[in-house]
Each structure stands twice: as C-alpha cells, then as structure tokens.
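Below is a briefing on one protein model, grouped by topic. Please read it alongside the sequence and the structure.

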Amino acid sequence: MTKIFMPAYWPMFNTSELRRFDYTAVDDSMPPITAVFAYDKGTDSMLYIDYDAHLNWKDTWYYRYNKGSGINEWRDDYPNNKKIVLNPPIGWGDMVRIGTEYINYPKFSFFKCWPPAKESGVQIVTFEQRISQMEVFGVYYPDVLQFSYLQSWGGKPSTGARYWMAFGVGPIATTFLTQDAKDPTVIVETPRWNAKITKVNA
C-alpha cells in the first residue's frame, strides 16, 4: 500500500498567515468551537490555538516537523500560565499507511513545565482512510485523510479525536473521542463538527 506523507495534511507554513476554522456541529447538538493556526517565528513552530463558543482561549499546541518522526507536538499552553513541555514530544506520524497505527510515548519535561510536572503518556494514532473527495459547507476537498487518536496519561482513560484533514488545508471536520472509565473497550464519540475556513494574510 502506498505511503502517505502525513504532515502535508496539517497546516504548515512560515508566513504571517492566520488560518481560522470555525466549527459547527452537524446536528446543532453542541456549541461551536474555533481553531486558529499560525506560525510562531520565535520557536519556529506552528501554533494550533483553540477557542470555545465565546472565543475564550482554551489552549495552544506548538508543533514542528522533524524528518523521520513527522509532526511533533512539543509544548502545550493553558490558561493561568500553565505550560507543558514534552520530551519525547507527542508524535503524529510522518510517512504512514492506511490501516496502520503510530504509537508513541510522550513525557513531561519536569523543569521546563510550569508549574514543574512529571507525567508519562501514550498516544495511538490510527490512519483510517483516504477520501478522494469530501464536501464541507459547499467546498469540495479533493484529498482528505481521516485518522483518529487516543491519548492517555498516567494510565487514566484515554481521550482524543477523529480528524478529517484536507491536503494542504488542515482539519475540515472533527469529532471528540472519550474512553469509557468502566469499560475501556467502549469509545464514546461526539457528533461531527464541520469547519468554515477563513484565511488572513494568505
């Protein structure tokens, strides 16, 4: 089976562009959410910035591409000056095949976190299918990678998401995944959010 270059589906640029994804649930059962992708010159990283329905900031992921290990999420920022720095980072994959999994074991970097923190985790990324064309809000995307991830820290139940990422664009749709605390074989999935995309300085 043909290998797919996973990072090509993530927003990756080093310009002043701001790429905004406004998500609404397909059944209107959940409030909207917003994500903005931007390049941070100071850390030479992409930023994945999450906002709630009221555009209150929730968190920021920092990620880079490293040849061989692919997309590496190496830092997460949260309100109240909380910062998590990871070494090894959270891995998302590089050259991948549909039907395979990418398993990695991120850890907190104790003295680089604020407040200092120690934790070990596991992330499982499953590459589910490559869709030749997908329509979202009247826009047709010709190459979409569907994948999911589950992430667990300290042996606790996993949480994660399923993404539909369009080649050269990013996550045009998503759901949230939660592992049942009583029955780990059960994964609860939300309805899907679809995104309308706005680009500034593109």
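**Aromatic cluster and overview**

W10, F21, Y23, F37, Y48, W61, Y63, W92, F127, F147, Y149 and Y163 form one aromatic cluster. Here rings of Phe, Tyr and Trp (its six-membered ring) pair if their centres lie within 6.5 Å; planes under 30 degrees apart count as stacked, over 60 as edge-to-face and the rest as tilted. The model is predicted: local features need pLDDT of at least 70 and side-chain atom pairs count only at pLDDT 80 or more, while totals for chains, interfaces and linings use all residues. Residues are numbered from 1 along each chain as its sequence is written, and side-chain values use heavy atoms, with hydrogens and water left out.

**Aromatic pairs and charges over rings**

- The count of aromatic pairs comes to 19.
- One of them is the stacked pair of F21 and Y23, at 6.3 Å centre to centre with 15° between the planes.
- F21 is buried because its relative accessible area is 0%, and Y23 counts as buried at 3%; the cut-offs are under 20% relative accessible area for buried, over 50% for exposed, and partly exposed in between (1.4 Å probe, protein chains only).
- F110 and F111 form an edge-to-face pair, 4.8 Å centre to centre and 85° between the planes.
- F110 counts as partly exposed at 36% relative accessibility, whereas F111 counts as exposed at 74%.
- K82 lies over the face of Y78, 5.3 Å from the ring centre; the rule asks for NZ of Lys or CZ of Arg within 6 Å of the ring centre and within 35 degrees of the ring normal.
- R192 lies over the face of W164, at 5.2 Å from the ring centre.

**Nonpolar cores**

- The largest nonpolar core has 46 residues, of which W10, W92, F147, Y163 and I172 touch the most other members.
- A second, separate core of 5 residues includes L47, Y62, W74 and V85.
- A nonpolar core is a set of buried Ala, Val, Leu, Ile, Met, Phe, Trp, Tyr and Cys residues joined through side-chain atoms within 4.5 Å.
- W92 is in contact (heavy atoms within 4.5 Å) with residues including M6, W10, W61, I71, E73 and Y102, leaving aside neighbours within four places in sequence.

- Helices (H or I, at least four residues) and strands (E, at least two) are DSSP runs, numbered from the N terminus.
- β3 and β4 pair in the antiparallel sense over 7 bridges; two strands pair if DSSP finds at least two bridges between them.
- The bridge partner of V36 in β4 is I49.
- The hairpin of β3 and β4 has 4 residues between the strands, and D44 there takes a positive phi near 50°.
- T43 is in the loop between β3 (33–40) and β4 (45–51).
- T43 is buried, with a relative accessible area of 19%, and touches Y62, R64 and W74, not counting residues up to four places away in sequence.
- In β4, 6 of the 7 residues are buried.
- β4 also pairs with β5 (residues 57–66), in the antiparallel sense over 6 bridges, and Y48 stands opposite W61 in β5.
- The hairpin of β4 and β5 has 5 residues between the strands, with L55 at a positive phi near 60°.

**Loop residue Y105**

- Y105 lies in the loop between β9 (101–104) and β10 (121–131).
- Y105 is exposed, with a relative accessible area of 54%.
- Y105 touches P88, G121 and V122, not counting residues up to four places away in sequence.
- Y105 and L55 are 50 residues apart in sequence and 32 Å apart in space, C-alpha to C-alpha.
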